[in-house]
Amino acid sequence: MNCGLPVNNMNSPNFIETEDLTKVYSTGRIEVVALQGVNLSVGCGEFLGVTGPSGSGKSTLMNLLGGLDTPSNGRIKVEGKFISDLSKEELALYRRFQVGLVFQSFNLISSYTALENVAFPLLFAGVAKKERKIRAEQVLAKVGLGNRKDHLPAELSGGEQQRVAIARALINQPKILLADEPTGNLDSKTSREIVQALSDLNKNQGLTVVMISHEESLLAEFADNVIHFCDGRVTGEVKHK
Amino acid sequence: MRISDYIEQSFANLWKRKLRTFLTTFGVVIGIGALVSMISFGKGVQKNVTDQFNKLELFNYISVTTSSSSRENHADPDQQPSAEDVNLAPRFIAVVDPNILDDTFIREVTGLKDVEYAFPEIRFPAMIRFKGKEEFSFIQVLPAYVSDLMKLRAGESYTSDEENCLIISDSMLHRMGIKNYEEAIRQQIELSTLTLDFSIFNLANIASFFIRGSKDPNGTRTERLPFATRSYTFTIVGVAERMGFGGAIPLRSDVYIPLGPSQRMEKLSLTSIWDFFQSPGQIKGYSSVSVKLSSAKYVEPVKKKIQDWGFKTFALIDQLEEMKKAFIFMDMFLFAVGMIAIVVASLGIINTMVMSIMERYKEIGVMKAVGASDRDVKKIFFFESGVIGFLGGVFGLILGWAVSMIINLIINSITSREGVPYVNYFSFPWWLCLGAILFSILVSLAAGIYPTLRAARVDPVVALRHD
């Protein structure tokens, strides 16, 4: 799993780029500006940390980068392609194969076992049932949950659930992993384990990781760069590595 | 997504909500069951009628009656007959009186090309007494040469038109409590007819009846009406199978007697007001004659020929188109009644699917987050609707069939007491079975359109935040 680029191009600053990215939510006559002209770039294989107070636009940025939402203005370029110009069907393909999404509340399907949750994205990729099972078992084993595959989410701890969610995000071998507050519902020990797991994926497999977190200390420890958000704007950037 | 995955997912998702799925599907089952029963009943009736008509060759019959205007339409005896006339009945024009349907007419019409036989339609009411039991019925006069038209269950048909013998139907014997039909053969049976008693048919009696009523001052009944009964003894020679669905035309009686005894019997046919003003000796000819052709395709030319001779004709085949129209209306009515249940079931599907979408709101968000397109989401819910329709169709068909069988059983158990043979009132042709399932799926898919579109429109960002 890498960016599909030569190794000497790793950490190329142009893997993910936003240009004047703006998102305005309209509810009747009231307009809420969530992002205001954000320009940022993420290199291939980079671990970018995003932090800032609540309502600063971090999650909006994540939704736009993940292709779940479309910008009101500005453009997003991923791997040289403007995803902000993609149709709904093309965006679905982008989410299916190029990005993996991890959420604070795990967003696992409660009636599915860990294995079924992990295999779920493969359904939409048209993978055969037998292969779905094999691949899901492999990815679950990678995140250390090989022995918990038949458990329902309710039977797993928070950390285990988040690892299942990470496994689900990785099942289609994406190039980018977007994690929105993945440690928000976890204790500090488990949080550390989860961020460590993301960092390992970043280091060992060249996965580009963009992670939102309030825990600046964790970001400082694991992220290559950390950007600060406030009122929908990037207010600062710290390079750790 | 693969088709097999859609189907598997649909079954799995519906199975998770067993009770709701069961109740929704049950609604469809009831709807399809009702629709199938209704249509199968309509088709069953049509099939029985047309099959019976074909089996008894009723479309091959022409019923002939005299016409008051026949004399005007009657061919001029001096006119040269056409080549067709010559071919059909070279002797007819000069011989038969178009006002009288008599043996001469029967003889001549039988001589026409493609006519197998003809016989008079004489029916009159009578009280039948046998082994201490009494039953009222209409007696059919059937000449010996056509008595073999009947399918016999015991004995044989009569060969002479002169003997006082008769053929009785199995259902009549059944009503009289006789199960072993062989027992009845060669037994004596009494027929009592109603006739006019001219001995009391005078002005004084009529005046007396209207002044004092039918009872004298002491309250005892008096015989002042000009009617009397006459009893005749016959020998049963055969037991005929009743001609199926509602009785066949023209063989629709429970008792058949030859021509000779009929002519000797005093009787009122009660089919014409003129019976009361004419003595049996005054009535000339038959009221109608049935003409049997070798095939229904000859009905039109023979009918035209008989009409040209000045008689009125009636052929059942002419009514076929009208019958078909009536059947179409019946089908439409039954379909409309069944559709009410389907519409109610559709509302149930819409409700279930909308509820399902609301419950699975977050799941739809997850689907989209992991790469499902709007089209994928639509298909998932569309397949679920389709599965409900499929299950409803299959089980509805089974229910419809089961209910039909039960109704059939009940009706037949009641009618069998009257000696009516077993009739299947419901018909399940292959297209109805297949159509019911396809229709159920289509209705369910149509009911799923709105919920499906609603599911596809779910904003993943909002859905993922939904708790």
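Among contacts in chain B between residues at least 6 apart in sequence, what percentage join residues at least 24 apart? The share is 83%. A contact here requires two C-beta atoms, placed from the backbone, to lie within 7 Å. This is a predicted model, in which local features need pLDDT of at least 70, side-chain atom pairs count only at pLDDT 80 or more, and totals for chains, interfaces and linings use all residues. Residues are numbered from 1 along each chain as its sequence is written, while chains are lettered from A and ligands numbered from 1 in the order in which they are written.

Stay with chain B for a moment. Its 467 residues include 37% that count as buried. Buried means 20 or more other C-beta atoms within 10 Å of the residue's own; 12 or fewer means exposed, and anything in between is partly exposed, with C-beta atoms placed from the backbone. Chain B holds 15 helices and eleven strands. These elements are DSSP runs, numbered from the N terminus: H or I over at least four residues for helices, E over at least two for strands.

One helix pair in chain B deserves a look. α11(B) covers residues 320-359 and α14(B) covers residues 430-456. The two pack at an angle of about 25°, with axes 9 Å apart. Axes are lines fitted to C-alpha atoms, for helices over the stretch in contact, and angles run from 0 to 180 degrees between N-to-C directions. The angle makes α11(B) roughly parallel to α14(B). The classes are roughly parallel under 35 degrees, roughly antiparallel over 145, roughly perpendicular from 65 to 115, and oblique for the rest. On the α11(B) side, the residues involved include I342(B), I349(B) and M353(B). On the α14(B) side, they include V443(B), A447(B) and Y450(B). By class, the residues of this contact are eleven nonpolar, three polar and one charged. Nonpolar covers Ala, Val, Leu, Ile, Met, Phe, Trp, Tyr, Cys and Pro; charged covers Asp, Glu, Lys and Arg; the others, Gly among them, are polar.

Now cross to chain A. Its contact with chain B involves 20 residues of chain A and 17 of chain B. On the chain A side, α2 (88-97), β6 (99-103) and α3 (114-124) each supply at least two residues. α2(A) gives the most, with five. That side has ten nonpolar, four polar and six charged residues.

Follow β6(A) inward. Five of its five residues are buried, so β6(A) is largely enclosed by the rest of the structure. Both faces are covered, with V99(A), L101(A) and F103(A) on one side and G100(A) and V102(A) on the other. β6(A) pairs with β7(A), residues 176-180, in the parallel sense over five bridges. Pairing requires at least two DSSP bridges between two strands. F103(A) has D180(A) as its bridge partner in β7(A).

β6(A) belongs to an open sheet of six strands, in the order β6-β7-β8-β3-β9-β10, with mixed pairing. β6 and β10 (233-239) of chain A are the edge strands, each pairing on one side only. From one strand to the next, the twist averages 15°. Further along the order, β3(A) (47-51) and β9(A) (225-230) pair in the parallel sense over four bridges. There, G49(A) stands opposite V226(A).

Y112(A) counts as buried because it has 20 C-beta neighbours inside 10 Å. Y112(A) touches N117(A) and F120(A), leaving aside residues up to four places away in sequence. L152(A) is 40 residues from Y112(A) in sequence, yet 6.1 Å away in space, C-alpha to C-alpha.

N117(A) and F120(A) also take part in the packing of α3(A) against α5(A), where the partners are V164(A), A167(A) and R168(A). The axes of α3(A) and α5(A) (158-170) come within 7 Å and cross at roughly 30°. That makes α3(A) roughly parallel to α5(A). This crossing is right-handed.

Chain A has another open sheet, with four strands in the order β2-β1-β4-β5 and antiparallel pairing. β2 (30-42) and β5 (81-82) stand at the edges with a single partner each, so one side of each lacks a neighbour in the sheet. β4(A) (73-78) pairs with β5(A) over two bridges. V78(A) stands opposite K81(A).

Terms used. A crossing is left-handed if the near helix is turned anticlockwise from the far one by less than a right angle, and right-handed if clockwise.
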